[in-house]
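Here are some friendly notes to read alongside the model. I have set them out as numbered points so that you can check each one as you go.

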Amino acid sequence: MDRLPRWADLALVPLISLLLAAIISALVILAIGQDPWEAITVMVQGSLMSAYGWGYTLYYTTSFIFTGLCVTIAFHAGLFNIGGEGQAQLGGLGVALACLFIPWPHWSLALIGASLAAAAFGAAWIAIPAWLQARRGSHIVITTIMFNYIASSLMIFMLVDVLRPPGQQDPSTANFPAVTHIPSLDELPLFNLIFTKPVPANISLLIALAVAAGVWVLLWHTRLGYQIRAFGKSEAGARYAGISATKITMIALMLSGALAGMMAINNVMGEAERLVGNSASGAGFIGIAVALMGRNHPIGVVLAALLFGFLFQGGAELGMWTKIPIEMRIVVQGLVILFTGALDMMVRMMLTRIFALFRNPRPVGAA
Amino acid sequence: MDYATILQLLDTTIRLATPLMFACIAGLYSERSGVFDIGLEGKMLVAAMCSGAVAFYTGSVWAGLGAGILGSMAFALIHGLTSITFRGNQLIAGVALNFLASGLTVLVAQALFRQGGRTPPLTGDARFNPITLPGAEAMKDVPLIGPLYYEVISGHSVLVYAAFGVVALTWWVMYRTRFGLRLRAVGENPAAVDTAGVSVTGLRFSAVMITGILCGLAGAYMATALQAGFGKEMTAGRGYIALAALIFAKWRPVAAMWACLLFGFFQALALRSDVVGSIVPFRIPGSFLEALPYVLTVFVLAGFVGKAIPPRAGGEPYVKER
């Protein structure tokens with residue numbers, strides 16, 4: 001098969017996949033008797049046309065950058081970490097314990113401490129599946145699915161039986177002490193010129209961007225990153241080059257889990273300021289779509305996270321202002337995963353054919 | 001714990017194990033043919049919604065069952081096209097279909113009924129009602145066996161008995177028919193099957209479509225027998241428990257039945273924390289019992305309880321040599 005030009009591979013394939021997902025979403029909206037044009041107007045209006053809307057869009061974006069990077073780093077090692085959801089919930093537990101039980105003198109120290117705790121808990125939650133993958137050959141996809149369910153049971157137990165303050169009805173921790181409050185964008189200098197009303201997006205956005213840059217450096221400019229990518233391209237080749245399969249599997253997956261866990265500084269520490277049930281609320285799974293859409297590159301992940309932040313906030317607006325249920329965003333998410341992840345080959349086949357038409361025009365008269 | 005309580009627990013076990021058995025056997029066909037399917041959950045959900053809606057409109061549970069099977073088969077077809085025809089990543093396709101199902105079912109149910117993404121409650125002939133097996137009333141008073149027969153074995157809907165039938169049929173198909181032999185072969189070594197002149201694509205598509213039919217039965221059972229109507233996310237991870245049971249059973253039909261009964265028993269226990277509390281001296285939270293199937297599966301995957309080896313060609317799209 002002919003190869004596609006690099007620009008087409010990097011930009012055109014995801015854009016066409018996205019277009020296909022958008023067309024089918026529009027058809028779905030038509031099929032349930034609603035107006036797709038009205039839907040897109042409401043979504044843009046509610047998520048991008050005001051600073052307040054951006055405050056929510058960027059809040060979701062922050063979470064999705066973390067979970068998207070989580071899936072990306074595992075993909076580069078040839079592994080599919082589907083357990084970001086569980087790891088993000090455990091990250092939330094780490095943040096909650098750090099915020100509730102350590103007397104922090106200042107929010108900045110609390111943020112560093114909570115980030116480390118979140119990363120450590122996320123990494124710890126994938127350690128067993130990672131070890132099983134590396135040493136016992138158990139498929140990481142299946143074990144991380146199982147660990148997602150074990151995580152949600154564990155979190156219910158922790159919130160109902162352990163961390164819930166006496167006399168409280170709903171299963172959640174107590175509110176975190178005021179000193180652990182991290183600034184939201186409306187409280188940060190410069191940003192507060194744009195964001196005048198309180199918004200949920202907070203300083204973790206900047207951390208997420210820094211972490212994305214860090215992942216880029218790690219993957220393409222360090223020895224470890226080279227080893228991870230080599231292992232992902234060819235396990236046999238990597239072994240032959242003296243790269244330890246066990247070591248790389250463990251490191252790549254634990255970094256992946258740590259990234260998912262770090263999401264909790266955004267939603268648990270930055271927004272809720274206490275740990276509630278089902279804290280990750282699906283962001284771990286959206287990471288899969290974000291990584292696929294972003295072609296497993298940190299820049300792509302940041303852009304795709306922004307797109308999904310828009311979809312998420314826009315979807316919430318749909319649920320509020322139109323007759324289209326909020327679940328529409330799950331449909332779009334599924335379609336994006338389907339087209340960018342699983343039907344990649346179909347789009348590529350289509351494009352290759354179109355490119356071939358332009359490249360070798362059939363000589364006139366030749367039969 | 002008295003005899004009556006044990007019988008109640010076993011009765012609930014069978015009810016809860018039925019959708020697991022359908023879904024687990026469904027996964028068995030697909031995975032034995034070399035197509036991984038983590039989209040069992042989504043197909044069940046679609047079937048539950050379709051059967052709930054159609055059973056409500058027509059008042060006939062059989063029409064509902066048919067619609068559920070068709071809905072689930074439509075999703076199976078997409079899975080087949082993606083993973084067999086376009087050689088896409090089977091795991092990602094499964095994840096995508098689960099999300100699609102989760103969103104679409106609510107969207108459609110809301111568009112049709114405007115009840116917050118539910119279908120209206122089903123009554124009478126729009127549901128599978130319990131059937132009393134012959135002699136159950138007469139045997140009721142026989143000590144020990146009588147109540148067992150009356151409470152546990154009799155009094156289920158027809159789909160419950162069908163599930164056990166499907167297990168037996170699957171064993172026969174897999175190990176006693178030509179189709180079964182070829183199906184198992186195509187999951188281990190598709191090139192050999194291709195060389196023998198049998199279509200790999202054809203076999204895998206038929207397996208994936210059988211998966212669709214059986215997931216349809218699982219979903220229809222959820223909406224028209226276990227409960228009266230479809231509710232948002234009503235399958236609640238059962239597709240994944242079925243997947244766990246399939247691995248626990250090492251991809252064998254009869255073992256799959258026992259695994260589903262075991263996991264169904266855990267689910268039944270999780271509902272009856274009072275019973276658990278009366279046996280053990282300390283308190284076990286219900287969430288621990290709910291997590292047990294998953295924990296056990298991890299142990300099996302770890303190879304501590306025998307080794308679970310998946311079909312060798314599983315997950316790999318087959319590319320014919322030219």
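1. Let me begin with a pair of helices in chain A. In this predicted model, H8(A) and H9(A) count as roughly perpendicular to each other. Behind that label is a crossing angle of roughly 70° between the axes of helix H8 (residues 204-221) and helix H9 (residues 223-233) of chain A, which come within 5 Å; the label applies because angles of 65 to 115 degrees fall in that class.

2. Which residues make the contact between these two helices? H8(A) supplies A:Leu218, A:Leu219, A:Trp220 and A:His221, while H9(A) brings A:Leu224, A:Gly225, A:Ile228 and A:Arg229. By class, the contact of H8(A) with H9(A) has five nonpolar residues, two polar and one charged.

3. Staying in chain A, have a look at helix H3 (residues 51-76). From its first C-alpha to its last, this helix of 26 residues reaches 36 Å, close to the 38 Å expected at 1.5 Å a residue. H3(A) is largely enclosed by the rest of the structure, because 23 of its 26 residues are buried. Just after H3(A) comes a backbone detail worth a glance: A:Gly78 has a positive phi of about 75°.

4. Now to chain B and its overall build.

5. How does the radius of gyration of chain B fit a compact globule? For 322 residues such a globule would be near 20 Å, and chain B has 20 Å, so the two agree. Buried residues account for 52% of the 322 in chain B. As for contacts in chain B between residues at least 6 apart in sequence, 77% of them join residues at least 24 apart.

6. Last, the place where the two chains meet. Here 37 residues of chain B are in contact with 36 residues of chain A. On the chain B side, the elements that give two or more residues are helix H4 (90-113), helix H11 (238-248) and helix H14 (286-301). H4(B) provides the largest share of that side, with 15 residues.

7. What classes of residue does chain B present to chain A? The side of chain B that touches chain A holds 24 nonpolar residues, 11 polar and two charged.

Methods
Residues numbered from 1 in each chain as written. Chains lettered and ligands numbered in written order. Predicted model: local features only at pLDDT ≥ 70, side-chain atom pairs only at ≥ 80, totals over all residues. Contact = placed C-beta atoms within 7 Å. Helix = DSSP H or I, 4+ residues; strand = E, 2+ residues; numbered from the N terminus. Nonpolar A, V, L, I, M, F, W, Y, C, P; charged D, E, K, R; others polar. Axes fitted to C-alpha atoms, helices over the stretch in contact; angles between N-to-C directions. Parallel < 35°, antiparallel > 145°, perpendicular 65-115°, else oblique. Rg over C-alpha atoms; globule rule 2.2 N^0.38 Å. Buried ≥ 20, exposed ≤ 12 C-beta atoms within 10 Å, placed from the backbone. Expected span 1.5 Å × (residues − 1).
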